[in-house]
Amino acid sequence: MIDTRPTVVDLFAGAGLFSQAFRAAGCRIIHAVEIDSVAAETYVRNVGPEIEVSDVLRMQPTGRCDILISGPPCQGFSTLGARRSDDPRNSLCLEVARWAKSMRPKVIVIENVSAFLESDEWRLLGRRLKGLDYGVAAFVLDAFDYGVPQHRRRSFTVAFREGIFIQPQQRRRVRTVRQAWEGLPTEPDGKNHHYSPKPSKVALARMRVIPPGGDKRDVMRKAPRLAPPSWWQVSCEVTDAWGRMEWDSPCNTLRTALQNASKGRYIHPEQHRVISLREAARLHSIPDSWTFAGLPTQVARQIGNSVPPRLGRAIATAVLRHLQW
Ligand SMILES: C[S@@+](CC[C@H](N)C(=O)[O-])C[C@H]1O[C@@H](n2cnc3c(N)ncnc32)[C@H](O)[C@@H]1O
């Protein structure tokens, strides 16, 4: 029987969450490329063997596909990074135009941080895609509006050959940390990635003075001897540092170092520890059946880098609707 499902190629595929969203929506993944072999192992375990461990820059695209999806590295664009216009990773997004020129997909989707839309590379990419006769739409979505218990604003650039592209419809549901963790053992038992590292003595002392919704400023106020000199000297853009989550709110953006309390709002709402990897996966709407390869830091990176499945599914559905248009 002929397989009529739309075909998808995924560049910078990571652990495969964006691929999986398109697969779940009814597409056939025919090729994915990822440079990190550990993330690729996660891909194989959960999505399929279509992934190739390779550098997108060094490859020659072959064949055709209906949909080209990609999540190029965002560190050079992120407002939390140094945001360097000369970061060599920034130009990786232009690879999408090179692949599009060869593969002639009907629709192209590029996911990235929202600041990507203000970059020179995004403008250049848009010009190249228009030069290939694509219409280009770009918008920023908050994963929370699509049923993910996390505020996470990400840009989507969609290139298409016909008609206009309609953004996915919001499916706002009240989603909180409490709801996300329903049914999980309260204390991490180490099973199925329900693992949280033991805090150091000083980290534990700091956590003890941080209330739900609080952060490092509580330490500075209530226990100044636990605040290192750097906290008083530098202005840190991560206002969430040493942040504690709240039970009845969504969490803030989970980034790649989501088990490092100093990097964000990653402390459990009432226990004195950072969230477990499985708790992070739940907050990203990743199902419990999804297994990860790698060390905890590598798993955290795979989660923080990925498109939350519910948001990915909304995009995939909008793309498929567009193809029927
Ligand atoms: C933002 S993540 C993509 C996440 C993915 N879309 C998901 O939903 O799971 C970007 C990925 O690009 C990979 N990467 C970086 N440079 C690359 C290159 N030159 N070739 C292939 N992959 C690369 C990184 O290892 C990282 O996994």
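This is a predicted model: local features need pLDDT of at least 70, side-chain atom pairs count only at pLDDT 80 or more; totals for chains, interfaces and linings use all residues.
**The main core.** Begin by selecting Phe22, Val109, Trp242, Leu254, Leu283 and Ile315, the residues with the most contacts inside the largest nonpolar core, which has 69 residues. Next, colour helix α11, residues 309–324, which gives the most to this core, with 7 residues. Then colour domain 1 (7–172 + 308–324) and domain 2 (177–304) separately; both give residues to the core, so it lies between them.

**A second core.** Now select Met59, Cys93, Ile108 and Leu129, which are included in a second, separate core of 28 residues.

**The ligand.** Select the ligand and display its surroundings. It is surrounded by 19 residues, and the closest are Glu34, Asp55, Val56, Gly71 and Val307.

- Val56: a backbone N or O atom lies 2.9 Å from a nitrogen atom of the ligand.
- Phe18: a backbone N or O atom lies 3.2 Å from an oxygen atom of the ligand.
- Leu17: a backbone N or O atom lies 3.4 Å from an oxygen atom of the ligand.

On its own, the ligand has 610 Å² of accessible area, and the protein covers 90% of this.

**Arg265.** Move to the loop between α8 (229–233) and α9 (277–283), where Arg265 is found. Is Arg265 buried or exposed? Its relative accessible area is 12%, and buried means under 20%, so Arg265 is buried. Show its side chain, which forms a polar contact of 3.4 Å with the side chain of Asp215. A polar atom of the Arg265 side chain also lies 3.1 Å from the backbone oxygen of Arg244. Other residues touched by Arg265 include Gly213, Asp240, Met245 and Asn252.

**Two positive phi values.** Most residues other than glycine have a negative phi. Select Trp242, found in the loop between α8 and α9. The phi of Trp242 is positive, near 60°, and this residue counts as buried at 8% relative accessibility.

Finish at Ser285, in the loop between α9 and α10 (296–305). Ser285 is not a glycine, yet its phi is positive, about 70°. With a relative accessibility of 12%, Ser285 counts as buried.

Definitions and conventions:
Residues are numbered from 1 along each chain as its sequence is written. Side-chain values use heavy atoms; hydrogens and water are left out. A nonpolar core is a set of buried Ala, Val, Leu, Ile, Met, Phe, Trp, Tyr and Cys residues joined through side-chain atoms within 4.5 Å. Buried means under 20% relative accessible area, exposed over 50%, partly exposed in between (1.4 Å probe, protein chains only). Helices (H or I, at least four residues) and strands (E, at least two) are DSSP runs, numbered from the N terminus. Domain bounds come from an automatic or database domain assignment. A residue is near a molecule or strand if one of its heavy atoms lies within 4 Å of it. A polar contact is a pair of N or O atoms within 3.5 Å; within protein, one must be able to donate a hydrogen and the other to accept it, and residues adjacent in sequence count only if both atoms are side-chain atoms. Accessible areas come from the Shrake-Rupley method with a 1.4 Å probe; for residues, only the protein chains shown count as cover. Contact means heavy atoms within 4.5 Å. Lists of a residue's contacts leave out its neighbours within four places in sequence.
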